[in-house]
Amino acid sequence: MKKSYILGTLALAAMSLTGCDDFLNDNRFPLSEQTANDEFWNNPVNVQNQVNRFLNDYAGYGDRSSTNGTFYFSTLSDDQCGRRSFTNWTFTSVPASSSSWNAPYEEIRGANEVIENVAKSTMSTADIENFTAIARLHRARNYFNLVRRYGDVPLIKIVLDPTNEAELFGPRTPRNEVVDFILEDLDYAAAHMAATSSATTFSQDLAKAVKLEVCLFEGAYAKYHKNDAARSKKYFEEAVKAGEALAAKYTICDDYTSLYKAFNVDGGGYKALASNPEIIFCKNYVQGVFMHSLCDYSSASDGVAGITRDAFESFLFLDGRPAASTTLDKTDLGVPEDGGLSIANLLAVRDQRLAMTTYDHVLMPGMTFTGPNTAAMWSMTGYGVSKYNNFTVPEADVNQANKNYVCAPLFWGARVYIGVAEAKAELGTLGDADVTKYIKPLWDRAGIDTSKLNKAWLEGMNDPANNMNVSSLIWEVRRCRRCELMMDDDIRYWDLIRWHQLDKLDTTKNPKIAQGANVSNSPVAGSALTGNYLNCTYGTGRTFEDKYYFYPLPSDQCSLNTELNQNPGW
């Protein structure tokens with residue numbers, strides 16, 4: 001029983017992006033003769049096809065069949081309320097099984113297969129190192145996903161022998177050891193992957209971008225969860241090292257929206273995303289060939305997942321100040337207009353990333369407003385999401401599932417710049433030159449006044465909304481990160497995890513995360529209100545417990561391997 005389950009769980013899905021169905025089915029574990037022989041692995045074309053399957057690991061905006069992706073759809077955060085329901089914790093009880101555990105180990109086995117087989121091949125040293133680097137990058141990302149979710153996890157560095165129970169049923173490896181191993185993999189990948197300038201293929205720069213995110217996570221986790229100053233310092237310094245190397249190559253583009261609305265059609269509203277100077281790595285979609293449903297879901301007439309009141313109010317005003325100290329009009333009242341409720345006046349005085357993220361009208365049932373390329377949609381919060389909707393795309397290609405083809409950024413300049421700024425702020429080394437280099441370009445692009453922007457300005461902000469018990473400087477860097485990357489790649493959720501701030505998702509303690517727009521001026525009545533604000537909980541809320549910092553291990557894994565122990569609280 002044990003052996004057959006491991007074969008199913010750790011199977012190598014040896015997929016080629018260019019192969020036929022027979023090839024895919026023939027090359028699942030145990031390997032067929034086609035791949036389980038030296039001749040196959042001696043051919044660089046064959047190996048390239050094997051590692052190309054790792055591209056599927058980058059979800060982006062999802063695909064046209066079963067995957068929603070990690071942009072917009074990840075509503076377990078304080079930035080959004082879910083579509084037609086309020087999002088609870090990922091798990092509220094121990095699952096019998098979970099792809100969050102199984103899938104990464106399947107991918108890790110696939111990476112280990114490549115590493116072991118190319119090492120024995122007769123390919124050139126350059127090819128061996130390149131394919132090994134790609135596989136180690138892939139292995140690192142999957143271990144990172146496991147550590148973030150489960151903490152200690154079994155560290156498997158080889159292709160397991162399904163007849164060797166000592167290998168199969170070992171204990172969980174301490175998370176620090178696993179993360180250190182991840183860093184080794186990423187450093188190898190950054191040093192040995194073939195240099196490339198393509199934003200759609202594996203590259204040394206992609207490895208550095210992944211390293212930056214891993215090191216940001218670990219630096220903060222060590223500081224805020226474990227009070228381990230030495231480890232925190234090491235990882236924040238590694239984050240700076242990786243980020244500075246990237247920032248020297250990738251510049252911040254002029255148009256924020258171009259990062260999210262580019263598509264590969266001649267004469268489109270934006271040039272191809274891969275040619276944007278800010279893009280390190282992206283996922284291309286092609287009309288009629290490979291598409292997704294994000295634009296359809298964020299433009300639906302049956303309710304969309306809108307941004308929250310808390311998210312809306314997190315954006316600075318154009319004078320570079322929060323609501324508590326701005327000299328600009330800080331009212332949150334919309335203006336009745338042609339049967340709708342315009343919030344254009346509210347958006348006009350704030351960080352322009354907000355106007356590029358939501359529509360200029362409150363979207364409620366019974367209102368007549370219909371935005372560009374949208375049906376008469378309504379939002380859970382009244383605030384819509386326009387961030388990913390390219391208004392030059394034909395409406396028929398926006399308002400249908402599996403017909404959307406704007407391309408997805410995966411790693412890009414802004415993500416790097418704000419990452420370096422955060423690491424330096426945490427290290428206590430962020431100076432005026434760094435503020436100018438890493439924060440000013442993002443404020444400039446957002447239309448915020450930067451004439452007074454320096455370290456002292458951020459330190460003196462002292463926003464009373466700071467509820468994270470951190471300095472004003474760190475709070476403002478975190479604010480910039482939140483606003484710049486809102487709804488992108490599930491970043492906000494994992495930021496709250498690593499900062500030890502997951503309790504901010506408790507709706508009792510933080511009611512604004514379950515509220516939407518102020519509709520007291522609305523020409524139609526809101527169906528559920530908290531005071532003057534739309535209530536987005538549908539009568540339910542979200543209560544925080546410490547156990548939610550980690551997922552529970554699936555019960556079948558604990559039964560299968562008695563060396564595993566369940567996470568605390570589960």
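Colleague: Which residue in β3 is the bridge partner of Pro336?
Modeller: This is a predicted model, in which local features need pLDDT of at least 70 and side-chain atom pairs count only at pLDDT 80 or more, while totals for chains, interfaces and linings use all residues. Residues are numbered from 1 along each chain as its sequence is written, and side-chain values use heavy atoms, without hydrogens or water. Strands here are DSSP E runs of at least two residues. In β3, Pro336 is bridged to Leu341.

Colleague: Over how many bridges do β2 and β3 pair?
Modeller: Pairing requires at least two DSSP bridges between two strands. β2 and β3 (residues 340-342) run in the antiparallel sense, and the number of bridges joining them is three.

Colleague: Which strands lie at the edges of this sheet?
Modeller: The sheet is open and antiparallel, with three strands in the order β2-β3-β4. Each edge strand pairs on one side only, and the two are β2 (335-337) and β4 (361-362).

Colleague: What span does α6 reach from its first C-alpha to its last?
Modeller: Helices are DSSP H or I runs of at least four residues. α6 covers residues 125-150, which is 26 residues.

Colleague: How many residues of α6 are buried?
Modeller: Buried means under 20% relative accessible area with a 1.4 Å probe and protein chains only; over 50% is exposed, and values in between are partly exposed. α6 is mostly covered, and of its 26 residues the buried ones number 22.

Colleague: How many disulfides does the model contain, and how far from Cys282 is the nearest cysteine sulfur?
Modeller: A disulfide is a pair of cysteine sulfur atoms within 2.5 Å, and the count is zero. Cys282 is accordingly in no disulfide. The nearest cysteine sulfur belongs to Cys407, at a distance of 6.5 Å.

Colleague: Which helix gives the most residues to the lining of the largest cavity?
Modeller: A cavity is a set of points on a 1 Å grid over the protein atoms alone where a 1.4 Å probe fits but cannot get out, and lining residues have an atom within 4 Å of a point. Among the lining residues are Trp443, Cys480 and Cys483. Two or more residues come from each of α18 (432-445) and α20 (472-484). With five residues, the greatest contribution is that of α20.

Note on methods:
Expected span 1.5 Å × (residues − 1). 1 Å grid on protein atoms, 1.4 Å probe; cavity = no way out; pocket = protein on both sides within 12 Å on 5 of 7 lines; lining within 4 Å.
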